[in-house]
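I set out to record, entry by entry, what I looked up in this structure. The entries cover helix packing, nonpolar cores and aromatic rings.

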Amino acid sequence: MEYDPHYPTILPEFIALSFVFVLNILIPVSAIFAARRLKRRRWLPHTIAFLWVFFSPLTLAILTTPTMAPDEVGGPGDGFIVLPILWETPLVLVVYAIVLLGLRAKRQNVSAPHLSS
C-alpha cells in the first residue's frame, strides 16, 4: 500500500489499519481492567468498548477514504481495506462476550457460600 499525495487521507492506509486492529484488542482488555477498579457503573467501560469495536469498520473507512473532487468516483477496490476489520469485529465481540461471561461466572462462584455436608 502506497500513500498517494494526490488523494490524501487522514492516515495512510497501512497505519490506519494497524491502528484499528490494535485498538480493537486493547480497548476491550482495558475495559475489563477499568471495570474491575470501579465501584459503580461497571457497565460503562464495557459499553464504550463494545461501541468502539462495533463502529471500528466505519472509523477505518473514515480514516482511509481519500479526498476526491466532487465529480470523481472511487475505484472498484477502494473499500477492500475495510474487509479485515469486518472479519475481526465479530470475532473480537464474541471472544469479549465469552470472557465477560466467564469472569461473571467466576465472580459468582467465589461470592456464593460453599455448602458442606
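The entries below concern a predicted model.

**Entry 1: the helix pair**

I began with the packing of two helices. Two packed helices are described by the angle between their axes and the distance between the axes. For α1 and α2 I noted an angle of about 175°, with the axes 9 Å apart. Angles over 145 degrees count as roughly antiparallel, and α1 is therefore roughly antiparallel to α2.

I then looked up which residues meet. On the α1 side I listed E13, A16, L17, V20, L23, N24, I27, P28, A31, I32, A34 and A35. On the α2 side the partners are P45, H46, A49, W52, V53, S56, L60, L63 and T64. By residue type, the contact of α1 with α2 comprises 16 nonpolar residues, four polar and one charged.

**Entry 2: the nonpolar cores**

Which residues make up the largest nonpolar core? I found eight: A16, L17, V20, L60, L63, I81, V82 and I85. Helices α1 (13–37) and α2 (43–64) each supply at least two residues of this core. The largest share, three residues, comes from α1.

I followed L60 in particular. Leaving aside residues up to four places away in sequence, L60 touches A16, L17, V20, I81, V82 and I85. Apart from this core lies another, of five residues, including L23, W52, V92 and L93.

**Entry 3: the aromatic rings**

How many aromatic pairs does a search of the whole structure find? I recorded two. A pair of aromatic rings is described by the distance of the centres and the angle of the planes.

For F50 and F54, the ring centres are 5.7 Å apart and the planes stand at 20°. Planes under 30 degrees apart count as stacked, so the pair of F50 and F54 is stacked. F50 and F54 are four residues apart in helix α2, and are therefore separated by about one helical turn.

For F54 and F55, the centres lie 5.1 Å apart and the planes are at 85°. The cut-off for edge-to-face is over 60 degrees, so the pair of F54 and F55 is edge-to-face. I noted that F50, F54 and F55 form one aromatic cluster.

**Entry 4: exposure of the cluster**

F50 has 39% relative accessibility and so counts as partly exposed. F54, at 46%, counts as partly exposed. F55 is partly exposed, with a relative accessible area of 42%.

Definitions and conventions. Residues are numbered from 1 along each chain as its sequence is written. This is a predicted model: local features need pLDDT of at least 70, side-chain atom pairs count only at pLDDT 80 or more; totals for chains, interfaces and linings use all residues. Side-chain values use heavy atoms; hydrogens and water are left out. A nonpolar core is a set of buried Ala, Val, Leu, Ile, Met, Phe, Trp, Tyr and Cys residues joined through side-chain atoms within 4.5 Å. Buried means under 20% relative accessible area, exposed over 50%, partly exposed in between (1.4 Å probe, protein chains only). Contact means heavy atoms within 4.5 Å. Rings of Phe, Tyr and Trp (its six-membered ring) pair if their centres lie within 6.5 Å; planes under 30 degrees apart count as stacked, over 60 as edge-to-face and the rest as tilted. Axes are lines fitted to C-alpha atoms, for helices over the stretch in contact, and angles run from 0 to 180 degrees between N-to-C directions. Angles under 35 degrees count as roughly parallel, over 145 as roughly antiparallel, 65 to 115 as roughly perpendicular and the rest as oblique. Ala, Val, Leu, Ile, Met, Phe, Trp, Tyr, Cys and Pro count as nonpolar, Asp, Glu, Lys and Arg as charged, and the others, Gly among them, as polar.
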